[in-house]
Structure formats: C-alpha cells, structure tokens
Amino acid sequence: MTTWRFVYAGLRHYWRGHLALALGVALAGSVLSGSLIIGDSVEASLEAMVVERLGPVESVLLMPGRGIALDRVDVLKEGLGEGARLAPLIKVPALISDAQEAEAPLSLTLYGVNADFFELMGGVPDDTSAPLLRPNRALAERLGARSEGEVLIRVAQASVTPDDAPMAIAPQGALAGTITLGEVLEGAAGRFTLDVHGPPALSAFVPLSWLNGLLDGSREGSPIARANMVVARGVSAQVLKATLQDIWTLEDMSLSVVEKGGLYTLRSDTIVLSDPLVEAAQSASKTRSFTWFVDTIKAGDKAIPYSFVSSLAGEG
C-alpha cells in the first residue's frame with residue numbers, strides 16, 4: 001500500500017472524527033475573527049465619538065481651584081508661538097429654568113467662552129460678546145417650548161476651602177442670573193464636550209465675561225477674570241504643560257509669601273494648603289524650621305483638630 005492510499009483509507013475510515021475536528025476549527029476561527037472585527041468596530045466607533053465631541057481640540061489644560069487669570073493665558077499664548085491656538089473657558093455644572101420658575105429646572109454643563117473658542121472650533125457666530133445663552137441641540141430639544149425669552153441660570157457659589165476639608169466653609173447658597181436665550185449652537189462648537197461617553201450631554205454656552213461676573217458677584221473688590229480650563233489646537237499637552245510651568249507664579253495659585261523679621265509665611269486665599277504645596281514649600285525652605293496649619297493631628301484613635309505643626313531641618 002502506498003502512502004497516499006494509506007492516508008486516503010485513514011480519512012475514509014475516521015471521516016466522522018475528521019469532520020468534527022474541521023467544524024470545530026472553523027467555528028473557533030469564526031468566533032475569533034468576529035471578536036476582532038467587533039472590537040475594531042467598537043474602537044472605531046468610540047474614536048469617532050471622541051473626535052466628534054472634541055472637534056479640533058487636541059489638548060485640554062484643566063485648572064483646579066481658582067483657575068488661571070485671563071491675562072496669564074495671553075502670556076501662555078506668546079510663549080507657545082504663532083502655530084498654537086488657545087481658548088480659555090469656564091466649565092461649571094448649572095441648573096436652567098424659565099425666568100418665572102414655572103417648571104422644574106434642568107441640569108446642564110455651562111461653558112463660559114469667548115471669540116477665541118469659536119475661532120478655534122472653526123465657526124464664529126454673530127456678536128460673541130452679546131449676553132446670550134446658546135444651547136446645544138440636545139438641550140434645545142429638552143427645553144422645548146421654553147426655548148425663547150429669558151432663562152434663569154443657577155450655579156454653586158465657590159468656597160474658599162476645599163469641599164472635603166473638615167473645616168470647610170459651606171457656600172452661602174447658589175448664585176443666580178437671568179440671560180436671554182439665543183439660537184441653537186450647531187457645528188463643532190455645539191457638539192463640544194469633555195464627556196465622551198453616553199448620549200450627548202446637555203450643555204450651553206454663555207459669554208466668558210458674563211459667567212465671570214456671575215461667579216464673582218459675591219466677592220469683594222475687583223475680582224480678576226479667570227478660566228478653569230484652556231483648550232488648545234496645534235500644540236501637544238507636554239509642550240503646553242512645560243510652557244505653563246515656565247510662566248507660572250505664586251499669584252497664579254492664589255499664594256503669597258510674607259517676610260517679617262527673617263521669617264517667611266506662605267499664605268493661600270483658599271485658607272487650607274494642599275499637601276503637594278506643603279511638600280514643595282518644605283523642600284524649598286532654607287530655614288531651620290517650617291511651620292504650617294493643619295486640620296487634624298492623629299495618634300491612634302485620638303485626634304486634635306486645627307493645630308500648628310513645625311518641622312526642624314537637619315544640619316546643613
């Protein structure tokens with residue numbers, strides 16, 4: 001018997017087992033191929049959703065706390081050169097209702113923007129400084145019959161202490177202001193959101209100056225116009241961060257240093273210094289002692305609130 005006749009005889013005799021093996025391999029291959037195709041499809045869908053909602057924005061700089069002064073954004077632009085496009089924004093959660101509050105309010109994300117934002121997104125509406133609230137398409141559909149006249153906007157009043165601090169000062173209610181409802185904002189600007197998951201978010205866009213005025217309404221003196229977010233095009237996040245570090249000052253972090261009798265005091269407008277600030281100040285201190293105010297001293301199950309702690313530096 002030749003080799004080929006022997007192989008043929010084996011296949012004919014065990015054809016059931018060979019058939020089952022071939023079907024199993026085909027089924028496993030189809031499952032794996034389908035998983036790869038579905039995975040690629042989901043990845044492509046998510047990528048398309050991110051691109052659609054971020055538009056031409058390539059980098060986002062989030063500024064916690066008091067944010068960044070608008071004049072510092074101009075300095076940041078100069079440091080990046082002509083190829084970079086920057087736009088300062090304020091992003092806050094808010095409630096919107098009709099001016100008479102006849103219906104329940106809607107939760108939304110409120111953006112304070114200026115002409116720089118619309119230029120970066122590729123479409124500038126008429127008179128961007130006019131006191132108008134421009135809803136995105138999703139919010140306009142929810143507003144329905146209320147989509148005309150004036151609306152009432154409520155935002156939380158900022159606290160001078162972190163919300164999770166034991167000695168946090170509770171905000172004195174919400175800040176409210178009325179503004180005229182404008183046209184629906186379409187295009188890349190209207191689709192912009194940092195929430196890239198789920199259905200389109202409810203959002204609206206108001207002039208940056210108007211939102212700054214609303215948020216600063218309870219502050220004394222002449223508050224500095226600020227933004228808590230900067231979006232950028234034509235510059236990477238690494239370059240943006242490095243340039244920001246070059247121009248950043250204590251005043252940008254609402255900090256000040258007071259010298260008296262050879263002793264230096266680091267003060268913050270937010271009352272409580274964060275741990276990173278304390279560590280940075282301690283490492284930079286050339287004095288033999290460093291004192292700061294802490295919210296709690298703990299030892300086992302005992303705790304002392306609101307105390308001063310001093311550390312002594314080693315020799316050299």
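Modeller: A polar atom of the Ser59 side chain lies 2.8 Å from the backbone oxygen of Val235. That is a polar contact (N or O atoms within 3.5 Å; within protein, one must be able to donate a hydrogen and the other to accept it, and residues adjacent in sequence count only if both atoms are side-chain atoms). The model is predicted: local features need pLDDT of at least 70 and side-chain atom pairs pLDDT 80 or more, while totals for chains, interfaces and linings use all residues. Residues are numbered from 1 along each chain as its sequence is written, and side-chain values use heavy atoms, without hydrogens or water.

Ser59 sits in strand β1, residues 59-62. Strands (E, at least two residues) and helices (H or I, at least four) are DSSP runs, numbered from the N terminus. Ser59 counts as buried because its relative accessibility is 5%. Buried means under 20% relative accessible area, exposed over 50%, partly exposed in between, with a 1.4 Å probe and protein chains only. Beyond four places in sequence, Ser59 is in contact with Val230, Val231, Ala232, Val235, Ser236, Ala237 and Leu240. Contact means heavy atoms within 4.5 Å.

Next, strand β10. β10 spans residues 229-233 and runs antiparallel to β3, joined by 5 bridges. Two strands pair if DSSP finds at least two bridges between them. Leu89 has Met229 of β10 as its bridge partner.

With β4 (residues 106-113), β3 pairs antiparallel over 7 bridges. With β6 (residues 150-156), the sense is again antiparallel, over 5 bridges. Ala94 shows both pairings: its partner in β4 is Leu108, and in β6 Ala94 stands opposite Val155. Asp98 faces Val151 in β6. β6 in turn is joined to β7 (residues 174-181) by 7 antiparallel bridges. There, Glu150 stands opposite Thr180.

Now the charged pairs. The whole structure holds 4 salt bridges. The cut-off is a side-chain nitrogen of Lys or Arg within 4 Å of a carboxyl oxygen of Asp or Glu. Lys77 and Asp116 meet at 2.9 Å, N to O. Lys77 lies in helix α3 and Asp116 in helix α4 (residues 115-121), so the pair ties together parts 39 residues apart in sequence. Lys77 is partly exposed at 25% relative accessibility, and Asp116 is partly exposed at 24%.

Arg134 forms a salt bridge with Glu183, with the closest N and O atoms 3.0 Å apart. The two are 49 residues apart: Arg134 in strand β5 (residues 132-135), Glu183 in the loop between β7 and α6.

Glu186 pairs with Arg137 at 2.2 Å, N to O. Glu186 is in the loop between β7 and α6, Arg137 in helix α5 (residues 137-143). Glu186 is partly exposed at 42%, and Arg137 is partly exposed at 41%.

Back to α3 for one more arginine. Arg72 lies in this helix, residues 70-80. Arg72 counts as buried, at 18% relative accessibility. Leaving out residues up to four places away, Arg72 touches Ile247, Trp248, Thr249 and Asp252.
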